[in-house]
Amino acid sequence: MLLETIDVEKRFGGLVAVNKVSLQVKEGEIVGIIGPNGAGKTTFLNCIAGFYAPDSGKVLYQGKDITGFAQEKLCHLGISRTFQNVRGFPKMTALENVMVGCVFGAEKPQGAKERARELLDFAQFPLPEDTIVENLNTIQLKRLELARSLATNCKLLLLDEVAAGLTPAELPDFIELVRRIRDSGVTIICIEHLMRFITGICDRVAVLEFGTKIAEGVPQEVLSNEDVISAYLGKTDVH
Ligand SMILES: Nc1ncnc2c1ncn2[C@@H]1O[C@H](COP(=O)(O)OP(=O)(O)OP(=O)(O)O)[C@@H](O)[C@H]1O
């Protein structure tokens with residue numbers, strides 16, 4: 001097992017945002033986390049990524065207890081996270097943005113440039129490498145963000161609504177990129193509202209509602225589960 005959470009709980013005052021959530025993720029899997037707005041998805045991801053220390057429960061990575069480890073330490077252990085509203089370092093070039101990740105991933109500056117170029121290429125970044133990041137559109141930023149996350153040499157990538165804001169026409173190629181990332185040896189946990197993304201790429205999906213895991217399994221099965229349908233009804237678009 002690459003990652004395991006055991007009864008992870010996170011409270012904000014009286015609100016139980018994540019309620020004893022246990023999840024197991026094997027190496028090479030793409031696991032989706034879905035659920036209505038406010039279900040606790042981001043908070044759960046933040047408990048894995050070192051943004052929050054859980055109030056109780058454990059997070060194991062490669063069998064080792066990493067509960068409450070800081071983000072920087074987790075990044076060096078191979079856990080990387082993307083954020084919902086990505087802007088990178090807006091005044092720097094695309095290449096420099098990826099190089100920052102490479103240097104953080106312990107690459108020497110000279111090697112970092114080469115590696116950053118390889119990653120921009122891998123992520124099919126469509127513009128010259130010296131394009132200033134503040135001028136990028138959504139899909140260009142998303143590709144850059146993935147290249148930057150991979151620059152840290154992560155083994156586990158946590159994606160927070162990485163497909164949000166993409167047009168239906170942009171989605172297939174983007175899904176293909178995420179699949180290639182997995183095929184390169186990176187395990188992925190992704191929060192996503194876009195069901196086309198979930199059904200198109202996830203091996204398994206876990207559903208949260210009011211902080212509690214209410215279902216888990218292969219996407220088609222889970223999405224036809226009555227508890228899941230009623231959790232979603234009227235709250236978000238499940239198509
Ligand atoms: N820092 C915080 N302080 C207080 N309450 C918070 C905090 N972060 C999240 N919450 C609350 O915890 C609950 C879970 O929020 P969370 O953002 O994890 O849900 P989510 O499933 O990711 O939602 P969305 O799909 O809208 O991003 C919500 O009720 C939210 O208001």
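How far is the sulfur of C102 from the closest cysteine sulfur, and in which residue does that closest sulfur lie? The distance is 11 Å and the partner atom belongs to C75, too far for a bond. The structure is a predicted model, in which local features need pLDDT of at least 70 and side-chain atom pairs count only at pLDDT 80 or more, whereas totals for chains, interfaces and linings use all residues. Residues are numbered from 1 along each chain as its sequence is written, and side-chain values use heavy atoms, with hydrogens and water left out.

A search of the whole structure returned zero disulfides, a disulfide being a pair of cysteine sulfur atoms within 2.5 Å. For C75, the closest cysteine sulfur is that of C154, at 7.9 Å, which is too far for a bond. C75 is buried, with a relative accessible area of 13%, and C102 is buried as well, at 0%. Here, buried means under 20% relative accessible area, exposed over 50%, and partly exposed in between (1.4 Å probe, protein chains only).

An open sheet is formed by four strands in the order β2-β1-β4-β5, with antiparallel pairing. Because β2 (15-25) and β5 (64-65) stand at the edges with a single partner strand each, one side of each is left without a neighbour in the sheet. Strands are DSSP runs (E, at least two residues), as are helices (H or I, at least four), numbered from the N terminus; two strands pair if DSSP finds at least two bridges between them. Strands β1 (residues 3-12) and β4 (residues 56-61) run antiparallel and are joined by five bridges. The bridge partner of E9 in β4 is S56.
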